Structure formats: C-alpha cells, structure tokens
Amino acid sequence: MSLVRLNIKGISYSQTQNGAYALILSELDGERKLPIVIGAFEAQSIAIALEKEIKPPRPLTHDLFRNFADRFKIVVKQVIIHKLVDGVFYSSLICERDKTEEIIDARTSDAIALALRFDAPIFTYKNILDKAGIFLKGEEPQRKEPAGKEEEEIIAEELLSDDIEIKADDTNYKKLSLSELKDLLSQAVHNEDYEKAARIRDEISKRK
C-alpha cells in the first residue's frame, strides 16, 4: 500500500463536544484533509509545538519524551497513521537507535505531538485517506464515505477553515493593543495556561 505524506493544517475547537478539538491534516500533494478528534491536552501540546514563540517554563509530557529520547539517542524517524477502525485512527512511531529500527504503537494525537518535536514526517496510507479524507468548503468532491464517527461529520460541516481556531473565552483580544497582547502572552505562559497562550498567539499572528 502506498503512503501519502500529510502536513498539519490547523486545530479547530469543537462547538458541539466540550473539550474536543479537531486536528486537521492535509495531504502534501493534494486537496484532501483528514480531521482527527483529539483531547484538549494533546491539542495544547500540538499548538505549542506549532507556535515556536511559546516557550513553556517546564517541559510538557511530549517535551519530556523528546528530552528522554535525546539522552538515549533515540530518534523518531516518521509517524504513520496505519489503521482506521470505527472512526478511531491508529498510529505508529518509527524509531531508530544504534541503526536499529523499532515500531512503537501510539495514539495519533501523541504521535503527531512527537513528530513536531522531532521534525519527523507524518504519513498515512492511501486507502485511509480515500475512506476518511474530505474536501473543505468550495472544494469538490466531498467525502467518499463516512469515517464512522459523528463528531468528524460535525467538524467537517462547521469547523474546518483555513485558519487555526482555538476555543474562545470571555476576553475580546481584538480590542487589545499588540503590546497588551504580548504582556498577556507572557503571563499566560508563566502561569502554564497554554490554551489561553495559544489563543493570544493566534491573535498576534493575525496582525503580522
């Protein structure tokens, strides 16, 4: 089976399921997108890895794994999303140590958080993308068949966009100045409120 390389398009917050996020992957040489429902912690970890200017004062779990792997000279070479069963994606970490390759089972959200930290490419098999891939608004055709998970259908209809969208809170960041946003960002990182930090960083990025 042929592999298809994927890029991370963004993260969208689910308006229908509290605490759920959609990680949106995009095929490198095509238009299809692969939405994967993930938890809040993994979404924050991925968002922090994407936003290079957010530096946690203490290592997150995925940062700790990277530090541990570096110490023992273990490298994550690539991530493969290799199976889709009842709407659940299964992934593997392809690791190497002393020129010996090992395959480690992992949740897809964890695997992608680690791929970002190791600059490792992300792949899936063509048949998985054929089954679960979708086209965004204005792109045709639509999903060939349902992925078997209602949440993904809702996300495909309501949340997919060209921008990273993080859960909103009561603060209207659009009314704040750039310097105020930067102060809030520093405070959020200091308090280890990475979800809030990601939202602030998103607003700062829009102004550049």
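Two charges sit over rings here, meaning that NZ of Lys or CZ of Arg is within 6 Å of the ring centre and within 35 degrees of the ring normal:

| Charged residue | Ring | Distance to ring centre |
|---|---|---|
| Lys83 | Tyr90 | 4.6 Å |
| Arg66 | Phe118 | 4.6 Å |

Keep in mind that this is a predicted model, where local features need pLDDT of at least 70, side-chain atom pairs count only at pLDDT 80 or more, and totals for chains, interfaces and linings use all residues. Residues are numbered from 1 along each chain as its sequence is written, and side-chain values use heavy atoms, with hydrogens and water left out.

On to ring pairs: Phe, Tyr and Trp rings (the six-membered one for Trp) pair if their centres lie within 6.5 Å, with planes under 30 degrees apart called stacked, over 60 edge-to-face and the rest tilted. That rule gives one aromatic pair. Phe68 and Phe72 have ring centres 4.9 Å apart and planes at 45°, so this pair is tilted.

How buried is everything? Buried means under 20% relative accessible area, exposed over 50%, and partly exposed in between (1.4 Å probe, protein chains only). Phe72 comes out partly exposed, at 42%, and 46% of the chain's 208 residues are buried.

For the fold, helices (H or I, at least four residues) and strands (E, at least two) are DSSP runs numbered from the N terminus. The chain has seven of each, in the order β-β-β-α-α-β-β-β-α-β-α-α-α-α.

Helix 2 covers residues 61-71, and its buried residues are His62, Asp63 and Ala69. They sit on the same side of helix 2, because their arc around the axis is only 125° (taken from the directions from the helix axis to the C-beta atoms). These buried residues pack against helix 1 (40-50) and helix 3 (108-118), where contact means heavy atoms within 4.5 Å. Thr61, Leu64, Phe68 and Arg71 are exposed on the face turned away from the buried side. Just past helix 2, Lys73 has a positive phi of about 55°.

Which residues of helix 6 are buried? They are Leu181, Leu185, Ala188 and Val189. Down the axis of helix 6 they fall within an arc of 95°, so they line one face. Asp183 and His190 are exposed on the other side of helix 6. After helix 6 comes Glu192, with a positive phi near 60°.
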